[in-house]
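Visitor: I'm new to this one. Could you walk me through how to read it?

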Amino acid sequence: MGFKTLCLGLFCVIFLSYIYTPIPDNIEETWKVMALDAAAKACTLMALSLENVGVMRYEEFISMIISLDYTQPLSDEHVTVTDTAFVNIPVRLYLPKRKSEAPRRAVIYFHGGGFCFGSFIPYIGTYSKKENVLSYRLAPQHHFPAQFEDGITAVKYFLQDKILRKYGVDPTRVAISGDSSGGTLAAAVTQQVQIDPEVKHKLKLQALLYPGLQVIDTSLPSHRDNEHGIVLTRDIAIKLVSLFFTKDEALPRAMRKNQHMPLESRHLFRFVNWTTLLPDKYRKDHEYTEPVLGKSAYSLPALMDPRALPLLADDARLQHLPRTYILTCQYDVLRDDGIMYVSRLQNVGVPVFHDHVEDGIHGALSYMTSPLYLQLGLRIKDMYVSWMDKNL
Ligand SMILES: *[C@@H]1O[C@H](CO)[C@@H](O)[C@H](O)[C@H]1NC(C)=O
């Protein structure tokens, strides 16, 4: 109890010290967003302080906070919600109650949470009534490729004839989607499924909502513009994504300086070269600086693996991708990852629809529930759901 009271007291003090941080003019519901940002930054600071004094790790504290938001599967008059497993991967199923003569469409959804947090996030059920949500193993207890392997295993299981039949799903109308780190996994799994000879039924669509798609260049215009971004700062994005690969603190330290990649990764930089892949509007007057290669002492081949960083896939791999929806937010460190993926897919002829939200912030879909629900979250949900509904 003493610990909780101390935490609450600390939280209030830090919250109040952050609450007057200015936010961009075009963001609506200014006060709610300021409060949300202050709350996120206060939690971050507390988590980092507790980590520094050795009480608990940063991600353990944040997990504790996020788990307060956990919901049990809750059915209603339209949909039956149950938790089950595909092979041994936990999955939450949303099955419509209404009988249907025709086979149904299905969406396989990967939740976000920086690879470290989240399981079944409550907002998902409100997206539409046809989602199946996967829960994959989390960092830092499990590093890459555990998350990718869980995703592939569950998706391949679902795409089998007998399983599709069991759920009454039309094999030609299955989509995959995800937000943030869930978008990373959705993109990586889609690339693999489309070329996997064992998979007979391919995916019809992928929808990626403010996904992270690369980490080899950490000095993109969006990293610079949103260094102290709302809710997600560049520092925290780097901390979380590095835990996906390793617990070695040398990685995030090097990533902050953009000096984390080995010499033999030089050929990959054309896939993330924002001087050619970003439209003018996002480049603004930023100057390109080459990442410094070959300074790191660790060896992490995963940093060059497209299954972890889908933007590193070559054109031959990208060509097989299905019709794609990508949503990006202006005030988001990950903004340029999504936009560069749009350019790369367009360059190889994949049909891609890009929704850019000028007043969007990272994680907007997570802010659709009380107490701080944002119109922005509802608006983004509607954009995504209406595209899916038309195209799936
Ligand atoms: C990125 O592109 C620019 C030209 O637009 C070029 O000068 C630079 O060398 C490229 N960087 C890498 C690492 O390929």
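Visitor: Which helix does Glu59 lie in?

Guide: One thing to keep in mind: this is a predicted model. Glu59 belongs to helix 3, which covers residues 58-67.

Visitor: Is Glu59 buried or exposed?

Guide: Buried means under 20% relative accessible area. Glu59 has 4%, so it counts as buried.

Visitor: And which side chain does Glu59 join in a polar contact?

Guide: That would be Arg57: the two side chains make a polar contact of 2.5 Å.

Visitor: How many disulfides are there?

Guide: A disulfide is a covalent bond between the sulfur atoms of two cysteines. To count one, we look for a pair of cysteine sulfur atoms within 2.5 Å. Here the count is zero.

Visitor: What about Cys43, buried or exposed?

Guide: Cys43 is buried, because its relative accessibility is 14%. Cys329 is at 0%, so that cysteine counts as buried too.

Visitor: Now the ligand. Which residues surround it?

Guide: The shell is made of Phe269, Asn273, Thr275, Thr276, Tyr288 and Glu290. By type, that shell splits into two nonpolar, three polar and one charged.

Visitor: Which polar side-chain atoms lie by an oxygen atom of the ligand?

Guide: Asn273 has one 2.3 Å from a ligand oxygen, and Glu290 has one at 3.0 Å. For Thr275, a side-chain N or O atom sits 2.7 Å from an oxygen of the ligand.

Visitor: How much of the ligand's accessible area does the protein cover?

Guide: On its own, the ligand has 360 Å² of accessible area, and the protein covers 55% of that.

Note on methods. Residues are numbered from 1 along each chain as its sequence is written. This is a predicted model: local features need pLDDT of at least 70, side-chain atom pairs count only at pLDDT 80 or more; totals for chains, interfaces and linings use all residues. Side-chain values use heavy atoms; hydrogens and water are left out. Buried means under 20% relative accessible area, exposed over 50%, partly exposed in between (1.4 Å probe, protein chains only). A residue is near a molecule or strand if one of its heavy atoms lies within 4 Å of it. A polar contact is a pair of N or O atoms within 3.5 Å; within protein, one must be able to donate a hydrogen and the other to accept it, and residues adjacent in sequence count only if both atoms are side-chain atoms. Accessible areas come from the Shrake-Rupley method with a 1.4 Å probe; for residues, only the protein chains shown count as cover. Ala, Val, Leu, Ile, Met, Phe, Trp, Tyr, Cys and Pro count as nonpolar, Asp, Glu, Lys and Arg as charged, and the others, Gly among them, as polar. Helices (H or I, at least four residues) and strands (E, at least two) are DSSP runs, numbered from the N terminus.
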